[in-house]
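This report walks through the fold, from the sheet and its helices down to single residues. Please keep the sequence and the structure in view while reading.

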Amino acid sequence: MKNEIDKKLLARNIKPTAMRQLVYDILLKNNKALSLYEIEQQFDNVERSTIFRTLKTFQEKLLIHSVDDGTGAVKYALCDEDCKCLPDDLHVHFLCNTCGATYCLREMPIPKIELPKNFSFQNANFVIKGICEKCK
């Protein structure tokens, strides 16, 4: 598994350090977006700032994307391999009102929106709230 993680990191020009491997593995094993706090809880003794720097590196190199699901905590999820974090790559997210989990619905792209003249698009966030399949 470590070899596969190293390949994923190197494909995005990220040096595979032990911390980066561990954070990537946590994001990979969880089938949902995770907050910094949720990732931090997976470790016994790691500085929060180290995890945060790892997440920022991943985000800068387009390995992960951030999700503002309205809970007050930014969450992070792995991008698809061909993702460039461009408007065409944006997708809907689902927040479960029961368990608080946030899921990427990659098969549901955010609809194209025509902005008024002289407005420029930078980012969009589309969150659907409801009850996930695990909580039904």
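## A helix across the sheet

Helix 2 (residues 18–29) lies across strand 1, strand 2 and strand 3. Its direction is at about 85 degrees to strand 3. The model is predicted.

The three strands form an open sheet in the order 1-3-2, with antiparallel pairing. Strand 1 (34–35) and strand 2 (64–67) are the edge strands, and each pairs on one side only.

Strand 1 runs antiparallel to strand 3 (residues 75–78), and two bridges join them. Leu34 stands opposite Tyr76 of strand 3. Strand 2 also pairs with strand 3 in the antiparallel sense, over four bridges. On that side, Val67 has Lys75 in strand 3 as its bridge partner.

## Two covered faces

Is strand 3 buried or exposed on its two faces? Both faces are covered. Lys75 and Ala77 are buried on one side, Tyr76 and Leu78 on the other. Side chains in a regular strand alternate between the two faces of the sheet.

Tyr76 is opposite Leu34, and Lys75 is the bridge partner of Val67.

## Helix 4

Helix 4 (residues 48–60) has 13 residues. From its first C-alpha to its last it reaches 18 Å, close to the 18 Å expected at 1.5 Å a residue.

Which residues of helix 4 are buried? They are Ile51, Thr54, Leu55, Thr57 and Phe58. Seen down the axis of helix 4, the buried residues fall within an arc of 160 degrees, so they line one face of the helix. Their cover includes helix 1, helix 2, helix 3 (36–40), strand 2 and strand 3. Just after helix 4, Leu62 takes a positive phi of about 60 degrees.

Lys8 lies in helix 1 (residues 2–11). Its relative accessibility is 26%, so Lys8 counts as partly exposed; buried would require under 20%.

What does Lys8 touch, leaving aside residues up to four places away in sequence? The contacts are Tyr24, Leu63 and Glu81. With Glu81, the side chain of Lys8 makes a polar contact of 2.3 Å. Lys29 is 21 residues from Lys8 along the chain, and their C-alpha atoms are separated by 14 Å.

Technical notes: Residues are numbered from 1 along each chain as its sequence is written. This is a predicted model: local features need pLDDT of at least 70, side-chain atom pairs count only at pLDDT 80 or more; totals for chains, interfaces and linings use all residues. Side-chain values use heavy atoms; hydrogens and water are left out. Buried means under 20% relative accessible area, exposed over 50%, partly exposed in between (1.4 Å probe, protein chains only). Contact means heavy atoms within 4.5 Å. A polar contact is a pair of N or O atoms within 3.5 Å; within protein, one must be able to donate a hydrogen and the other to accept it, and residues adjacent in sequence count only if both atoms are side-chain atoms. Two strands pair if DSSP finds at least two bridges between them. Axes are lines fitted to C-alpha atoms, for helices over the stretch in contact, and angles run from 0 to 180 degrees between N-to-C directions. The expected span of a helix is 1.5 Å times one less than its number of residues. The arc is that of the directions from the helix axis to the C-beta atoms.
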